[in-house]
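Have a look at the fold, then read on.

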Amino acid sequence: CGFGRSGQYLSRMLDAEDVRWLAYDHDPQRLKEAAHLSAQVLYGDCVKREVLSSAGLMKAKALVITFTNTEVAKRIIVAARSLNKDLPVIVRTLDESTVQSLLDLGASEVVPDVVESAMGLGTQALLHVGTPLATVLRRLRSLRDERYTLFAGYFHGSSDAPEGDEEARRLITLHLPERHALINQLAAKLTLPPSCHLVGIKREGVKLDSKDPQLRFAAGDVLILLGSGQALDEARKMHQLMLS
């Protein structure tokens with residue numbers, strides 16, 4: 001709901017992940033400009049149940065309200081809940097003062113601009129004064145665990161490292177040249193050192209699904225590995241030994 005700057009940035013993120021979306025807006029100038037880029041932006045007021053219904057809300061996986069007019073957002077939540085009581089509804093708001101009222105009305109998650117801006121500023125400040133990336137990510141995770149229920153546990157994973165550990169897990173890339181032993185081998189069968197994981201494969205600039213059981217490596221592939229410094233060093237040595 002809404003195709004202003006936030007809605008447009010959101011659409012780019014969804015496009016990058018090949019997620020289908022449909023947006024509604026009622027600004028004629030914006031619709032005219034958007035028409036040159038996408039047929040997925042339509043004229044409509046999402047407060048109206050018939051607009052939400054025609055958008056396929058009963059089959060949608062999520063609804064996002066991208067503007068900060070709280071009163072209008074509340075009316076949209078009520079209309080959406082009357083059509084699909086189980087639909088995840090994500091709402092943007094200016095600050096924390098309206099978070100609880102939106103949650104009480106049926107919002108699944110509320111994203112306050114002030115909080116996210118502060119976390120973005122804090123992230124950049126901490127990085128520029130020399131705080132390790134792993135520590136910054138851990139701090140963000142902690143803040144989001146407290147702020148957003150959807151993020152609880154999401155950032156907890158193998159990439160987290162103990163406080164102050166300079167051997168925190170990091171990413172490296174390995175390029176597969178022609179005549180490498182991995183060419184034509186199944187990605188799912190890749191053997192790596194303990195605590196080292198294949199988290200992505202890029203082929204001609206396109207990220208592939210590294211978990212696809214049928215995917216085979218090809219010359220020119222770029223492997224993205226996650227692991228501790230020692231594990232990644234071992235992975236590099238294995239990579240060199242496979243060159244023929």
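## Ground rules

Helices (H or I, at least four residues) and strands (E, at least two) are DSSP runs, numbered from the N terminus. The model is predicted, so to speak with care: local features need pLDDT of at least 70, side-chain atom pairs count only at pLDDT 80 or more, and totals for chains, interfaces and linings use all residues. Residues count from 1 along each chain as its sequence is written, and side-chain values use heavy atoms, leaving out hydrogens and water.

On a 1 Å grid over the protein atoms alone, a cavity is a set of points where a 1.4 Å probe fits but cannot get out, while a pocket is an open set with protein on both sides within 12 Å along at least five of seven lines; lining residues have an atom within 4 Å of a point. β9 (222–227) and α8 (229–241) each supply at least two residues to the lining of the largest cavity, and α8 gives the most, with three. Among the lining residues are Leu-174, Thr-191, Met-238 and His-239.

## The open pocket

The largest pocket is lined by 46 residues, with Leu-10, Leu-14, Ala-62, Val-64 and Ile-90 nearest its centre. Elements giving two or more residues to that lining include α1 (5–16), β4 (89–93) and β5 (109–112). α1 gives the most, with seven residues.

## Two of the strands

β4 and β5 run parallel, joined by four bridges (strands pair if DSSP finds at least two bridges between them). Thr-93 has Pro-112 in β5 as its bridge partner.
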